[in-house]
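Please look over the sequence and the model, and then read the sections below in order.

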Amino acid sequence: MRVTNNLIYSQSSRSIGQANEKILKAQEKISAQTDIIKPSDNPVGASQILMYEGSNNRLKLFDDSIKMATSSLEYQEVALESLNDSMDDVRSLLMQAQNDINTQEDIDAIVQEVGLITESMAELMNSKSADGNYIFAGTDTQGPPFVLDSQGRYKWTGNEGIKYAQIAEDMKIPVSDSGKKLFQDIWTNRTFSSQLLTGDVSLSTKVQNQGDFDQFMADYYDPENPASNLYQITTSPVVADGTTPPPVDSTYVGSDTREDQERRRAFDGTPGTFSITNNQGEVVASGSYTAGRPINFGGMSFLMRGQPGASVDVALDKPRRDNVLNEINDTLAVLKDRNSTHEARQQAFFDATTSINHAQLKVGEGRSSVGARLNILRDREDFSSANQLSNAVAQDRVGGLDIAAAATELTMKESALSASQKVFTRMSNLSLFNKM
C-alpha cells in the first residue's frame with residue numbers, strides 16, 4: 001500500500017481535530033464545574049441532576065412565598081404589640097383620672113392625651129404592609145377596614161376573609177387576621193336595666209361586683225328567650241299575724257321632688273322583707289330588708305330609700321360587642337362633661353377598662369397566633385435551606401467535577417495535541433526526494 005501525502009495529511013488532521021475536541025470538552029467541564037455536559041455523557045446521572053434541580057426550583061418558589069408571608073406577619077406583630085402598649089397607656093391614664101384630687105382642668109388634659117392615643121390606635125388598626133395593602137382588612141385589602149361614621153363612631157368595613165400563603169406542596173398558612181375579630185367584636189361591660197313599678201321610694205342601681213354579675217349572666221342569661229331574663233323585686237313591711245299589710249301607694253311613682261326625697265330619706269319605719277322572682281313567678285332570692293340598705297343579688301345592687309311596699313322590674317341587658325375605640329371615646333365624652341356625676345364617671349371608667357381588658361385578650365391571642373405562624377415559617381425556611389443543600393450535595397455527587405483530575409486531564413490532552421502537531425510537522429516534510 002502506497003502512503004500518499006493526502007493520506008498523511010488526512011490522518012494527521014483527524015488526530016489533531018480529535019485532540020482539540022478532547023481539550024474543548026475538558027475545558028467545558030471545568031468552566032461548567034460539572035462532569036456531565038450533555039445527557040449523553042451520563043444518561044442516568046443527567047436524569048438525577050434534573051430531578052434535583054426541579055426539586056430546588058420548587059423549593060425556591062416556596063421560599064419566595066415564605067418571605068412574603070413572613071413580611072406580612074411581622075407587620076401584624078408590630079402593629080399588635082404597639083396597640084397593646086397603647087391600651088396599657090390608656091388604662092393608666094384612666095386610673096390616674098379617677099383620683100379625686102384632680103381638677104376639671106387635670107381631667108381635660110388627660111382626656112386630650114387619651115384622645116391622641118386613640119387616634120394613633122385607629123391608625124394602627126388601619127396599618128398597611130410594604131405593598132400598600134391593609135393588613136387587618138381580610139381579603140379586601142384596598143380599603144381601610146375601620147372608618148368613622150356620621151356619628152363619630154368607628155365602623156368595620158372590611159371582610160372576614162383570610163389570605164393564605166402556599167409554603168409547601170400540601171401546606172398553606174394564614175397570613176392575615178380579621179380586624180373585626182381583633183378590635184370590633186369586643187365584649188362591652190355587661191349591664192342590666194331596672195324600673196320602679198310601685199312604691200314611695202327612690203331607686204338607684206349598679207353592678208356591685210362585676211365578676212359575680214358576669215358569672216350570673218353566664219349562668220342565667222338566655223339569648224333565645226328574652227322573657228327568661230326578667231326578674232321582679234318586691235319589698236313588703238313586716239306585719240303581725242292576722243293583720244293585713246297596708247295597700248301599696250303608687251301616687252309618688254315617678255315623682256322625685258325635694259319634698260319626696262326628704263320624706264324618703266327620713267323614713268325610719270319597721271324593717272320589711274324582700275323577695276326576688278323570675279318570670280315564672282318562682283322565688284329565686286329572699287330575705288330581710290331595711291330601707292336605705294342595698295339588696296344584693298347576682299352581683300347587682302338595688303338601693304331603695306322609703307317605706308317597704310315597692311316593686312321593681314329588672315331585665316338583664318343583651319350582651320353587646322363594640323369597637324374598643326368607641327368605648328374609650330364614650331368614656332372621654334363623660335369626662336369632658338363638667339355636669340357628669342361621680343357615679344356616671346365611675347361607671348364610664350369601668351366600661352372603658354372592661355372593653356380594654358377584653359380587647360387586650362383578643363390582641364394577646366392574635367399575637368400568640370402570629371408568633372406561632374412565624375415560628376412555622378422559620379422552621380419551613382430552615383427545612384427548605386437544608387433540602388436545597390442536600391440536593392446540591394447529591395447533584396455534586398452525581399455530576400460533580402474533580403477539579404484536580406480535570407486539570408490533569410486537560411494538561412494531558414494539551415500535551416497530546418502538542419505531540420500530534422509536532423508529528424504532523426515532521427511527517428509533512430517526509431519525501432523520497434529528500435533521500436536523493
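## Salt bridges around Lys 180

A salt bridge is counted where a side-chain nitrogen of Lys or Arg comes within 4 Å of a carboxyl oxygen of Asp or Glu. Asp 185 forms such a bridge with Lys 180, their closest N and O atoms being 2.7 Å apart, and Asp 185 is buried, with a relative accessible area of 19%; here buried means under 20% relative accessible area, exposed over 50%, and partly exposed in between, using a 1.4 Å probe and protein chains only.

The side chain of Lys 180 also meets that of Glu 160 in a salt bridge (4.0 Å, N to O). Glu 160 lies in the loop between strand 2 (154-156) and strand 3 (164-168), while Lys 180 belongs to helix 4 (residues 179-184), so this pair ties together parts that are 20 residues apart in sequence.

## Basis of the model

This is a predicted model, in which local features need pLDDT of at least 70 and side-chain atom pairs count only at pLDDT 80 or more, whereas totals for chains, interfaces and linings use all residues. Residues are numbered from 1 along each chain as its sequence is written, and side-chain values use heavy atoms, with hydrogens and water left out.

## Overall make-up

The secondary structure of the protein comes to nine helices and 14 strands, where helices (H or I, at least four residues) and strands (E, at least two) are DSSP runs numbered from the N terminus. Of its 436 residues, 36% count as buried.

## Links to helix 3

The structure holds 11 salt bridges, and one of them joins the side chains of Arg 338 and Glu 105 (3.8 Å, N to O). Arg 338 lies in the loop between helix 7 (324-336) and helix 8 (342-399) and Glu 105 in helix 3, so the pair ties together parts that are 233 residues apart in sequence. Arg 338 is exposed, with a relative accessible area of 53%.

Thr 118 lies in helix 3 (residues 104-125) and is buried, with a relative accessible area of 3%. Leaving aside neighbours within four places in sequence, Thr 118 is in contact with Leu 325, Ile 328 and Asn 329, contact meaning heavy atoms within 4.5 Å.

Among contacts between residues at least 6 apart in sequence, 70% join residues at least 24 apart.

## Glu 74

Glu 74 lies in helix 2 and is partly exposed, with a relative accessible area of 36%.
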